[in-house]
Amino acid sequence: MKEDDAGVIVVGGGHAGIEAAHAAARLGVETLLVTGDPEKICTLPCNPSIGGSAKGQIVREIDALGGAMGMLADACSLHARFLNESKGPAVRALRAQMDKPSYNRAAIALLRGQPGLTIVQGMVEELIVDASGVRGVRRADGRCHRAGRVVLATGTFLGGKTFRGDVIAAEGRFGEAPAIGLSAALRALGFPTRRLKTGTPPRIARDSVDRSAMRTQLPSAKRLRFSYRSSLDFPGEQLPCYVTETNERTHRLVRENLHRSPLYGLDLIRGIGPRYCPSIEDKVIKFAHNPSHQIFIEPEGWEEPTLYVGGFSTSLPSDVQLEMLHTLPGLELCSMLRAGYAVEYDMVPPTELDETLQTRRIAGLYHCGQLNGTSGYEEAAAQGIVAGINAARAAQGKSAIRIARSEGYIGVMIDDLVGKGVDEPYRMLSSRAEHRLLLRHDNADLRLTPLGRQMGLVDDAMWDGFERRRTALSQALSFAHKERMTKQLRRPEIVFADVASRFEPQLDDETGERVAIEVKLSGYAERERETIERARRLESVEIPEAFDYAGIAALSREAREKLSAQRPRTLGSAGRIPGVTPSDVAILSVWLHRAAREHEMP
Amino acid sequence: MRLSGPGVLAIAERLVQPSRSLRPGRARLVSIADRKGAAIDRAIAILWCAPHSYTGEDVLELQVHGSPVIVREVLEASFAAGARPAKPGEFTHRAFLNGKIELSAAQAVGDLIAAESRASARAALANLGGALAREVQRLRAALRGLLEELAGAIDFPDEVPDVDPQRFDAALAQIEAQLGRLRATGELGRVMREGVSVAIVGPPNAGKSSLLNALLGEERALVSEVAGTTRDTIEESIAIDGVIVRLIDTAGIRMHADRLEAAGIARTLRALDEAHIALVVLDGSLALDEPEREVLAQTSERERVLFCNKADLGDTGARELAAYAPVVGSVFAHETLAAIRTAIADAGWHGESIDLSRPHLATAAEIAAVEAALEALGLARATLAAGDPVDLCAGELQRAIAALGRVSGEQVAEEIIDGIFARFCIGK
């Protein structure tokens with residue numbers, strides 16, 4: 001049967017899974033997406049937004065490679081705006097609120113319309129593995145699907161368990177069964193697993209809040225897109241978001257009910273939660289001196305009856321949650337449609353992977369998304385597209401792709417994950433990217449579309465658009481140089497509009513802005529490239545796979561353990577492992593030098 | 001004298017009598033035997049067994065009598081017993097490779113070995129105690145705190161307030177000033193460690209050699225003889241305020257260009273060029289002639305000590321030189337020599353009393369790190385002054401912190417992120 005003979009099997013229909021399946025099928029490999037409920041593909045189970053600081057850049061990068069997320073988000077955007085507009089082009093980031101039902105529908109439509117991609121309903125319980133690597137998957141109902149490449153994108157479903165006070169449920173997310181068997185199967189294959197925790201806030205009824213009591217955040221009046229391929233028209237009405245804040249009454253309720261918290265009083269949760277997404281309990285306890293915390297009230301769709309209560313993630317019992325919500329200005333009379341909860345799930349340390357996201361343990365097996373300990377839709381999708389491309393290329397006997405830290409946030413993330421591992425759910429932050437002046441929203445296409453084209457993900461229409469932009473940009477840049485406009489453009493107070501009339505031919509706003517950014521940052525970019533060149537030299541020193549760190553007494557014990565466990569591929573990635581000091585790198589370099597010499601002269 | 005390596009025990013059996021009396025970590029009075037078994041010297045021998053030794057290998061430490069003849073004989077006996085001479089810094093290198101010392105400590109140990117004078121030995125000891133590392137850490141932590149505010153506002157614009165550029169710049173200026181003071185200690189550290197070189201130049205018979213001998217005579221107890229690099233320049237070392245001062249005498253080379261061999265001029269000029277200080281000796285009893293004026297002109301742009309010799313014999317030249325504020329007197333007068341030494345101290349280390357308990361930069365790597373940090377900090381402040389958006393400032397600060405990290409060896413991004421979470425309540 002056709003289903004039993006795919007080139008790539010993707011397990012899971014979230015952001016990671018759909019990018020992986022979409023990319024693999026686009027590259028011409030017969031692809032099978034196995035998911036628990038094909039109607040619940042990309043439901044955006046947590047917050048309703050896509051993008052944000054550093055995450056927005058990731059969406060642009062996925063789009064530049066030819067991925068789906070940017071176009072899906074643009075088609076469902078009900079509130080979009082640039083963050084950090086005043087803080088500079090390198091950190092400017094697009095964030096958009098989604099109409100959740102549209103996103104789900106658009107994702108399903110995209111997959112169904114993709115030739116070579118088949119969606120199958122089923123819970124995968126086991127991997128079929130032989131001496132040569134992975135051979136396929138076995139479903140809970142006993143059915144098997146065979147393929148030489150399997151991409152696991154199981155999200156929070158592995159051993160998923162949700163908590164609301166002392167109510168514990170075996171769930172992958174709200175109301176959906178977890179994957180218990182697969183978690184055990186991975187351990188049986190030798191993979192270590194660890195527990196992580198995340199949470200989601202309550203949802204309240206849209207018609208039960210007093211908007212006048214809250215601060216309003218307006219969306220951009222201009223159509224803002226992640227993808228050049230998206231329509232220039234708004235997909236629908238643009239809606240505001242609202243901001244309210246907690247007060248002493250809210251905090252007292254938290255403190256009085258702490259004994260009913262599964263995390264604090266009941267001590268039921270063992271998983272490690274993300275610091276950047278703390279529960280309201282965490283905020284009140286750890287930042288006791290803050291008299292109030294901001295709470296963001298966001299729509300979940302054009303027609304959705306619910307509002308998302310951002311910043312209010314909690315696992316306290318439902319009755320306490322409602323009481324707490326009623327202390328917030330504007331929410332005094334709100335009705336809660338769904339309680340918040342904490343979810344604990346299994347992850348496999350990403351140090352089990354190489355830079356292609358293939359596991360070192362089993363050939364042909366790829367891990368992506370929350371399974372690798374990341375959090376966030378964007379992070380998941382980015383790993384999905386890389387895993388999908390690499391699985392498909394491996395199926396075709398082609399070489400894997402790698403995105404360098406200096407080429408994209410995607411490269412930073414994957415290098416961080418496989419090189420350092422994670423201690424808490426990993427979220428992308430601009431602070432993680434040492435070359436962030438180069439990794440901008442505006443130049444994502446220049447950085448990655450040529451790679452996407454080379455892979456075969458970028459079709460002719462997208463490539464033509466890219467070439468037109470690239471040509472216009474480089475012509476405008478040489479014009480600016482020729483007309484000696486660069487000095488003026490470098491002045492911080494000068495924006496493109498000030499010099500727009502001097503350009504021939506006239507530029508559209510976006511190209512003009514890109515010219516201004518390129519000119520303003522050219523000096524910095526040049527220096528950055530020199531740094532990258534220096535780093536590349538360390539990057540080019542490869543460490544043999546079987547290198548014996550234990551034999552080097554000079555390394556600190558910590559460095560020895562970390563290096564032995566993580567086995568970095570190069571001296572450069574060795575140096576980025578926490579606990580590995582420059583002295584350790586110097587020692588390693590001496591030993592590698594010595595080893596290489598001994599190898600040459602036996 | 002130390003021997004290190006896996007062969008130490010075998011060598012000790014042949015070199016030390018009775019070798020059976022050696023116990024790890026215990027001092028033993030032994031005799032050292034030459035290759036035929038004849039005793040060379042009575043010595044204290046201490047055996048350190050791997051890994052509990054300085055190098056992490058088996059080490060035999062011998063305390064022999066100081067005579068160069070005995071030292072040479074003991075060395076020859078150890079070579080005969082299977083040892084080989086260590087390459088420069090090899091002990092430290094082995095200690096480093098065996099995990100006994102950190103890289104920065106290794107550098108300080110290297111300096112300690114190289115220290116020839118009391119001052120530089122004390123300087124090396126101060127930094128070995130970590131005073132420098134603590135000072136750098138303090139400045140680095142202050143910078144990190146500032147970057148956390150900036151990076152927090154960038155990554156969490158909804159939750160972390162924007163920074164106030166004026167307050168931010170004031171804080172940066174303060175750190176910049178402190179780093180600047182630390183950098184200034186770098187030159188001092190170099191002087192203490194490596195000393196200064198002084199080229200003695202002047203016409204024949206002006207008294208260059210007598211000056212050299214007089215300075216050496218005063219400091220005889222501290223002189224260490226170093227062979228001259230060429231036959232016609234003589235290099236001798238003295239200590240002033242505990243700093244090594246290498247005196248390079250260009251005696252034998254006459255400054256009258258018309259009567260000089262070209263090679264001679266080149267050597268003098270090179271010695272002059274490479275020296276930190278020019279000590280110009282002129283005959284104060286005579287009027288200045290053209291070549292002497294030329295020497296004065298040639299050295300006018302650099303650290304210079306002008307000595308007007310033989311001023312007790314008459315003051316024809318001295319009057320003409322008065323504008324240059326020379327030391328005037330005779331090499332035979334104690335007060336004249338004291339004035340010359342003070343003038344060298346002024347020119348070499350600005351006469352600063354060297355407070356070695358204070359942190360100071362000692363190695364080229366440390367100086368480079370602080371300079372890189374200062375450069376980045378200057379650029380960071382320039383972006384604020386120009387009104388540039390803060391993404392540029394954040395980048396420069398990250399570079400500054402990374403540069404200082406080279407001294408202490410940490411990573412920037414994770415620290416900043418940790419700091420943001422510790423300080424700001426974040427999360428939607």
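How many residues of strand β20 (residues 341-347) of chain A are buried? Seven of its seven residues are, so the strand is mostly covered. Buried means under 20% relative accessible area, exposed over 50%, and partly exposed in between, with a 1.4 Å probe and protein chains only.

This is a predicted model, in which local features need pLDDT of at least 70, side-chain atom pairs count only at pLDDT 80 or more, and totals for chains, interfaces and linings use all residues. Residues are numbered from 1 along each chain as its sequence is written, chains are lettered from A and ligands numbered from 1 in the order in which they are written, and side-chain values use heavy atoms, without hydrogens and water.

Chain A has 18 helices and 21 strands. These are DSSP runs numbered from the N terminus: H or I of at least four residues for helices, E of at least two for strands. Of the 602 residues in chain A, 60% are buried.

Two strands pair if DSSP finds at least two bridges between them. Strand β13 (residues 194-200) of chain A runs antiparallel to β20(A), joined by seven bridges. There, A:Lys197 has A:Glu344 as its bridge partner. Strand β11 (residues 161-164) of chain A also pairs with β20(A) in the antiparallel sense, over three bridges. A:Phe163 stands opposite A:Ala342.

Now the open sheet of three strands. Its order is β3-β5-β4 (chain A), with antiparallel pairing. β3 (49-51) and β4 (77-83) of chain A each have a single partner strand, so one side of each lacks a neighbour in the sheet. The twist averages 20° from one strand to the next. Six bridges link β4(A) to β5 (residues 93-98) of chain A. A:Arg81 has A:Arg95 in β5(A) as its bridge partner.

Last, the surface. A:Leu268 lies in the loop between α6 (248-256) and α7 (280-286) of chain A. A:Leu268 is partly exposed, at 33% relative accessible area.

Notes: Axes fitted to C-alpha atoms, helices over the stretch in contact; angles between N-to-C directions.
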